[in-house]
Amino acid sequence: MKYLDEFNDPVLARALFEQIDAAATKQWAVMEVCGGQTHSIIRNGIDQLLTDKVELIHGPGCPVCVTPLEMIDRALAIASRPEVIFCSFGDMLRVPGSHCDLFSVKADGGDVRVVYSPLDAVNLAEQHPDKEVVFFGIGFETTAPANAMAVFQARERGLANFSMLVSHVLVPPAIEALMSSPVSRVNGFLAAGHVCTVMGTWQYEPLAAQYEVPIVITGFEPLDVLDGIRRCVLQLEAGRHEVENAYPRAVSPEGNRPAQAMLASVFEVCDRQWRGIGMIPSSGWRLSAAFADFDAERRFDVGTLVVDEPERCRAGDVLQGLIKPDQCECFGNECTPRTPMGATMVSSEGACAAYYLYRRLAVAGRGGT
Amino acid sequence: MSEASLAAGIDAEGWSCPLPLRHQDKVVMGHGGGGQLSGELIQHLFLASFGAAARSATPTDSYVMDLGNGTRLAFSTDTYVVRPLFFPGGNIGELAVNGTVNDVAMSGARPLVLSTGFVLEEGLAMDVLGRIATSMGAAALRAGVQLVTGDTKVVEQGHGDGVYINTAGIGVIPEGVDIRPDRARPGDVVIISGPIGLHGIAVLSVREGLEFGTELRSDTAALNGLVAAMLGASTDVHVLRDPTRGGLGASLCEIAETAGVGIEFEERSIPVPDEVRAACGFLGLDALHVANEGKLVAIVPPEVADAVLAAMMATTEGRDATVIGRITDSHPGLVVARTGLGATRVVDRPLGEQLPRIC
Amino acid sequence: MCLGVPGKVLEIRADRGTRMATVDFGGVTKSVCLAYVPEVEVGDYTIVHAGFAITKLDEKSALETLRMFAEIGLLDELSADPAASETTR
């Protein structure tokens, strides 16, 4: 595939690994806040091959992992209603709520459908005027324009039976929360390339300045991720803390203006709970007043939700980089990919799920069971 | 098994998880996906409930019966619930015939006869059923098997997804052939008969909500001719498996676990058509977990690998056969891939259904 | 959150007032919404996420980036001695 395969070249990757090793004269901790980058790192084994001088911390960049438990429970309650066709991205289907997940709702007779694009859900609403079609609008800023357009189109087409359950999260406030924490170990950040494709890079300037951390806008293919790490390390070694764009083919400083205009119209900023981390002020988007009619949270009264998060689940500490997954006492025992306690064990780029596979190999290598 | 525990259905003690936080009291779609959940349903519900009446729990495609007079038979069954019924490259009928022919052939047997069981939904158009049945006849003829017995039931509209087909097949195993997963030995060579991911992607491309344009067609095909050619080169083939649901990844994991051996392969050596790669790219799927319906994995001792490979490449179904890896005594039970960058990663089974993702 | 894949725009059409395109991802095509990339034309490459084109891919920039990687590769080769090429694994 053009503009993809070239950025997977193993020979060029090796050169980048070596450059990073040559550049680093001390220990650095670099965090990526993007599920897609975490996935690429784990899938390609980048953290395995990287010099020990650079530690990669997998931050809360996976919207699946951070969608608040209350929102999942709300989704499950809505999906269980007989008049509802509940549509979602595939990522969300196995995320555990307090008692079950969307798969079990489906097993109980709920009409739960996986779609590739939120527009598919809008089309379903048109095809099934007798049903309520609800779309689970999760994601970071990358996905928000798609979700916004879906709501906008629903209004344009007069589809009163369409609504969206919105749980958007924003990256800059998360970085701020992470850096304000007294126990933060992060020296530098890789910023999510496609989030910046939409929003531009200007939001990160004040963060880099205030917290004196380099923030490198990074892509997703192995060469892109390695280049992001390389530039971050070079800045750290030189004592610089700037916003740097390592993904110029897809990111410009101002971002996507038409998308931003739509976002400003359809969404408004709100406080948001991040699963495992807690409430981060002004870190989310909800539907604006003009589009309130399409808000599934208002349309469906699901009663009081009693949220039940397993106390011993430490997904939040993992997401903040405070512990490694195998330092959690539940890891590999009660909590496995088949019986996940938290979202970091469910998601394909959750740090816990990734470590689970590696650990099996490490244990096997030592000849243990 | 006491009546009470049979009524309860689940042998709770059979669950390996000591603290089942979400013990499943209902069947979910993942149980039919061919991944970990399916395996657990078989082990912890079916085999546990069947009790003494069930034979050993080795997960092979077909069951081998020794009649004691020098004849060994392979017996297998499979049920087809694919939606949509028609997809690029075939339909549920062909799948039902080729699938069971292949299950029988994976024991090294020459398939002879198939039964066909139909569950039809009231209201199904006759010409749709006719097209499916015609395809089945044609597929059986191509495979050299006879459709000898069957059954038909009709369920009320709304209860059947159009048509479900079950096929069961019997075949005869030639002398000197002993094919089962636990025969895999460190040093053995792992061969795939051709490019992977075609069937799964072809079916996804016409699935509601995903539709995408592709020239890809399902690779559904009967593999008994290919197997016969391989056994003609050497009867010492150790393992054969057709990687259907769960893909190549699931098959390799099952073999590694059953045989208690490690499997290693280079990601770059797996033949993946560009279009499969592209579709997996934008859907966020792993080609290793996408279903195939006309491919097999063979594990053979190194001294016969060249001969077997040459025999495969001389057939239509095996023309793109290639070596992908080997069996090792390191990391027993685990399948390890070397990534394009040279790192290693453990390949696991998919947990349930393969779903497109945005992350 | 960011599964965005580059594809080439093959044809553009209007669907109920929205600009839509058929995008080719290397042999597989998908219908994609171009509402957010009014500057994208047939033959351009674009990054697609959840059925939406979110930016035109700057091909010139892509080639420059690749050139830079190639230079790093050469630099690395020139400065490598046999010991240094046994990097941390």
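Q: How many salt bridges are there between chain C and chain A?
A: The count is 1 salt bridge in this predicted model. A salt bridge here is a side-chain nitrogen of Lys or Arg within 4 Å of a carboxyl oxygen of Asp or Glu.

Q: Which side chains meet in it?
A: Arg16(C) and Glu126(A), at 2.7 Å from N to O.

Q: And how many residue pairs are in polar contact across chain C and chain A?
A: The rule finds 11 residue pairs, both residues at pLDDT 80 or more. A polar contact is a pair of N or O atoms within 3.5 Å; within protein, one must be able to donate a hydrogen and the other to accept it, and residues adjacent in sequence count only if both atoms are side-chain atoms.

Q: Which element of chain C gives the most to the side that touches chain A?
A: α1(C), with 12 residues. Helices (H or I, at least four residues) and strands (E, at least two) are DSSP runs, numbered from the N terminus.

Q: How do the residues on that side of chain C divide?
A: Into 24 nonpolar, 11 polar and 7 charged. Ala, Val, Leu, Ile, Met, Phe, Trp, Tyr, Cys and Pro count as nonpolar, Asp, Glu, Lys and Arg as charged, and the others, Gly among them, as polar.

Q: How many residues does the contact take from chain C and chain A?
A: 42 residues from chain C and 57 residues from chain A. Contact means heavy atoms within 4.5 Å.

Q: What area do chain C and chain A bury?
A: About 4100 Å², with 65% of it on carbon and sulfur atoms. Buried area is the accessible area (1.4 Å probe) that two parts lose on being put together, summed over both.

Q: OK, chain B now. What area is buried between chain C and chain B?
A: About 1100 Å², and carbon and sulfur atoms give 65% of that. Here 12 residues of chain C are in contact with 16 residues of chain B.

Q: How many salt bridges across chain C and chain B?
A: The rule finds 0. It does find 2 residue pairs in polar contact there.

Q: In what order do the elements of chain C run?
A: From the N terminus, β-β-β-β-β-α. That is 1 helix and 5 strands.

Q: Where does Arg231(A) lie?
A: In helix α12 of chain A, residues 222-238.

Q: Is Arg231(A) buried or exposed?
A: Arg231(A) is buried, at 15% relative accessible area. Buried means under 20% relative accessible area, exposed over 50%, partly exposed in between (1.4 Å probe, protein chains only).

Q: What does Arg231(A) touch?
A: Leaving out residues up to four places away in sequence, it touches Val216(A), Glu244(A), Asn245(A), Ala246(A) and Met68(C).

Q: Which residue pairs with Arg326(B) in a salt bridge?
A: Glu264(B), with the closest N and O atoms 3.4 Å apart. The pair links distant parts of the chain, 62 residues apart: Arg326(B) is in strand β12 and Glu264(B) in strand β10.

Q: How many salt bridges over all chains?
A: 41 by this rule.

Q: What are the ground rules on numbering and confidence?
A: Residues are numbered from 1 along each chain as its sequence is written, and chains are lettered from A and ligands numbered from 1 in the order in which they are written. In this predicted model local features need pLDDT of at least 70, side-chain atom pairs count only at pLDDT 80 or more, and totals for chains, interfaces and linings use all residues, while side-chain values use heavy atoms, with hydrogens and water left out.
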